[in-house]
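Welcome! Take a moment to look over the structure below, and then we can walk through it together.

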Amino acid sequence: MPVIPKVIRSGQLQQFASEEIKAITNNFCMKLGEGGFGSVYRGYLEDKGVVAVKVGSSSTHQGLKEFMNEVDLLSRVHHKSLVDLVGYSDEDKLVLVYEFMARGSLFECLHGPRSKSSPLPWATRLSIMVDAAQGLHYLHEGCNPEIIHRDIKSSNILMNDRMEAKLADFGISRNKLTNEAEGPPTMVMGSKGYVDPEYISSLKITEKVDVYSFGVVLFEVVCGRRSTFYILPTRQETSIVDWAKSAILRGVIDDIVDPCLDGKYDVESVWKVLEVALACVDMPSSKRPRMNQVYQDLKEALELQNRSNTVDVDPHFTGYTTEMSSSFLANVDVR
Ligand SMILES: Nc1ncnc2c1ncn2[C@@H]1O[C@H](COP(=O)(O)OP(=O)(O)OP(=O)(O)O)[C@@H](O)[C@H]1O
């Protein structure tokens with residue numbers, strides 16, 4: 001079994017024996033979900049309460065690399081908008097023990113089985129994205145060395161029982177210092193639908209790669225659609241970025257916004273978020289905003305929503321829509 005280097009072991013993290021992991025999870029009796037690394041189980045620790053236990057299913061070189069990266073990073077970096085790593089085990093299997101995020105992922109809330117019957121309210125969507133933007137801003141500019149996440153997507157934004165959002169999954173993240181020393185990677189990493197097209201062609205990793213993916217998540221939050229989907233009747237696969245750009249050009253807000261919201265949103269705040277999303281996916285990447293700007297703009301959008309006290313806004317309200325969309329349209333670059 002691989003051995004974690006001493007430098008990582010010296011952190012504040014608890015190290016568990018495989019028997020302890022078995023006890024913590026009550027013999028892996030409650031599965032919370034599954035991802036590329038392996039399965040995630042509910043667990044319980046005397047001093048921490050409920051935890052999430054991620055058990056690696058593969059012992060590939062890539063799996064080990066991602067595990068070490070995650071342990072290394074999360075033992076050094078702590079922020080209220082980043083999921084906390086409580087401990088790990090490398091005795092039998094590769095295991096990561098995290099703080100429990102009771103409300104699951106943003107992906108599940110937007111696209112999961114209960115997303116239609118009890119959709120996330122617009123103000124909650126905005127507050128989640130404000131938290132996520134703050135976490136990403138911290139990674140890019142607040143911690144030392146600064147970090148590029150490289151796998152921002154709605155399934156890596158998790159919510160706790162107070163609906164506070166945190167970024168998760170640092171398996172392929174890179175710190176900016178070693179990033180420059182290591183040079184470009186040999187293959188594209190990231191998740192389908194979220195990867196910056198400029199990075200695909202240049203293989204150059206900068207923080208703007210994260211800003212692009214964050215823009216994709218913003219479109220997901222507004223439109224209630226997945227990052228890629230099939231359009232009927234041709235069943236042609238499209239990206240939410242292309243779809244949203246052409247919908248924005250038509251300028252009708254209820255063509256764009258998630259129908260599950262049933263008109264319950266402040267129109268001005270929706271346009272503000274769409275404006276931010278468009279800026280995040282702009283080309284070339286140098287035109288995209290920094291995450292601090294995104295964070296400030298999203299806070300403004302949340303304030304607009306809170307001030308409007310919207311319960312039922314008519315989505316056909318045209319005065320404001322037309323005015324906003326004309327300033328917008330000049331900036332929509334459809335490729
Ligand atoms: N800290 C946590 N607290 C509660 N549930 C969690 C936690 N971490 C993960 N989960 C649950 O486990 C599921 C799988 O998470 P995981 O991070 O392994 O995969 P993913 O991000 O969905 O996909 P991939 O890792 O392949 O990109 C999540 O969708 C979520 O439901």
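This report looks at the surroundings of the ligand and then at the cavities.

Please keep in mind that this is a predicted model.

Let's begin with the ligand. It is surrounded by 18 residues, and the closest are Gly36, Lys54, Met101, Glu108 and Lys153. By class, this shell is made up of 7 nonpolar, 5 polar and 6 charged residues.

Lys54 has an N or O atom in its side chain that lies 2.9 Å from an oxygen atom of the ligand. On its own the ligand would expose 610 Å², of which the protein buries 86%.

Which elements give two or more residues to the shell around the ligand? They are β2 (31–34), β4 (49–56) and β6 (95–99). Among these, β2 gives the most, with 3 residues.

Searching the whole structure turns up 2 cavities of 30 Å³ or more. The table sets out their volumes and the classes of their lining residues.

| Cavity | Volume | Lining by class |
|---|---|---|
| Largest | about 60 Å³ | 6 nonpolar, 3 polar, 3 charged |

To find the largest cavity, look for its lining residues, including Arg150, Asp151, Ile152, Tyr194 and Ser213. The second largest cavity has Cys109, Leu110, Pro119, Gly224 and Cys260 among its lining residues.

Conventions
Residues numbered from 1 in each chain as written. Predicted model: local features only at pLDDT ≥ 70, side-chain atom pairs only at ≥ 80, totals over all residues. Heavy atoms only, no water. Near = heavy atom within 4 Å. Polar contact = N/O pair within 3.5 Å; in protein donor to acceptor, adjacent residues only side chain to side chain. Areas by Shrake-Rupley, 256 points an atom, 1.4 Å probe, with all protein chains shown as cover. Helix = DSSP H or I, 4+ residues; strand = E, 2+ residues; numbered from the N terminus. Nonpolar A, V, L, I, M, F, W, Y, C, P; charged D, E, K, R; others polar. 1 Å grid on protein atoms, 1.4 Å probe; cavity = no way out; pocket = protein on both sides within 12 Å on 5 of 7 lines; lining within 4 Å. Points joined across faces, edges and corners; volume = space filled by probe spheres on them.
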